[in-house]
Amino acid sequence: MAKVIAIANQKGGVGKTTTAVNLAASLAATKRKVLLIDLDPQGNATMGSGVDKYELPATAYDLLVDDKPLLEVLVKDTSGGYHLVGANADLTAAEVRLMNLFARELRLRNALKEYRNSYDFIFIDCPPSLNMLTVNAMAAADTVLVPMQCEYFALEGLTALVETINQLAAAVNPELKIEGILRTMYDPRNRLANDVSEQLKQHFGDKVYRAVIPRNVRLAEAPSFGAPVMYYDKSSTGAKAYLALAGEMLRRADKRTVTAATSV
C-alpha cells in the first residue's frame, strides 16, 4: 500500500514544489510507482512535470468536487516518469465549493482509498496556506514532509506548522505525523544557515534528513523546461541531492519495515 506524504509549509518560496517534482522523479527512477497530486491552484508542479496546465481535460478540482474517479483525472505521461493529478486556476473555486459538501475535509482521502495499492508513494503538493485544500491533503496523508530554508523566520514558521499539524491530527487524522524536515536552498558558507541547521537537529533529531538541497542554478532553471532537474542536468548538485534524498527515504522505509516485523 502506498505511503501518502503531504509536502507542506505555510511559508511560500521554500522549495516545496521543487521538492515534490524532483523527489517524485527520483523515486520513479528507482522503479517505484509514484503518484504526484498537485493541490496548488498555481499549477507549478503540473508545469514542472511537463504538462500544460491550460490544456488539462480534468484536474484535482474534478477529483475533489465532482467525484470523478482518480483514473479519469490521471495524467500518465509526464517528464518525470510518475503519474500526475494536475492543477490549474480552476482549483481556486474548489475552496468555496468544498465548504458546501458532505465530509468536505475527507474528499481526497476517500478518492484515493481504492487506489493506494497501485502505488508505492503518493505525494501531495500543498498550497502555501492553511485552507480546505491543505486540510484535505493532511486528512489523506500518513505523514508530512516539511521543506524549509535555514533562516530565523523559517524556524518560527516551522513551530507554527508543527502546531497546525498537531491540531489537524487531533481533528481529522489521528495517525498524521511528521515524515521529515528537509533543509532547502542551503548554503554552508552562511553562518546563520549552519546555526539554524544545528537547532533543527537538536530539536527534531533524526526527523531532519541528512540529505540537504543546495542553492543550485540548474534546479531553478529546470521548471522552465518542464522537466525535473535529473532529466535537465543529471550531473548538477541539485539532481544529486534529490537522488540522495530519495535513497535516504527508501532506507528509512526499509528500516521501519524491519523494525515492525521484528516487533511482531
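Which residue in β8 is the bridge partner of I181?

1. Basis of the note. This is a predicted model, in which local features need pLDDT of at least 70 and side-chain atom pairs count only at pLDDT 80 or more, while totals for chains, interfaces and linings use all residues. Residues are numbered from 1 along each chain as its sequence is written, and side-chain values use heavy atoms, leaving out hydrogens and water.

2. The sheet. Eight strands make up an open sheet of mixed pairing, ordered β3-β4-β2-β5-β1-β6-β7-β8. The edges are taken by β3 (74–75) and β8 (208–214); each has a single partner strand, so one side of each lacks a neighbour in the sheet. Helices (H or I, at least four residues) and strands (E, at least two) are DSSP runs numbered from the N terminus, and two strands pair if DSSP finds at least two bridges between them.

3. The β7–β8 pair. Strand β7 (residues 177–186) and β8 run parallel and are joined by three bridges. V208 in β8 is the bridge partner of I181, which settles the opening question.

4. Helix α1. Residues 16–28 form α1, which lies across β1 (3–7), β2 (34–38), β5 (121–125), β6 (143–149) and β7, at about 165° to β5. Axes are lines fitted to C-alpha atoms, for helices over the stretch in contact, and angles run from 0 to 180 degrees between N-to-C directions; contact means heavy atoms within 4.5 Å.

5. Helix α8. This helix (residues 152–171) lies across β6 and β7 and runs at about 170° to β6. Its 20 residues, at 1.5 Å a residue, should span 28 Å, and the end C-alpha atoms are 29 Å apart, which agrees; the expected span is 1.5 Å times one less than the number of residues. Buried residues of α8 include L155, L158, L161, V162, I165 and L168. The buried residues of α8 pack against α7 (132–140), β6, β7 and α9 (191–204). Buried means under 20% relative accessible area, exposed over 50%, and partly exposed in between (1.4 Å probe, protein chains only).

6. Positive phi values. K31, in the loop between α1 and β2, has phi near 75°, a positive value in a residue other than glycine; K31 counts as exposed at 75% relative accessibility. A103, in the loop between α5 (94–98) and α6 (107–112), has phi near 50°, also positive in a residue other than glycine, and counts as partly exposed at 22%.

7. Annotation. An unreviewed UniProt entry lists residues 2–178 as "domain: AAA"; such annotations may be inferred rather than shown by experiment, feature names are shortened, and positions are given in the numbering used here. The span is 38% helix and 16% strand, with its end C-alpha atoms 17 Å apart.
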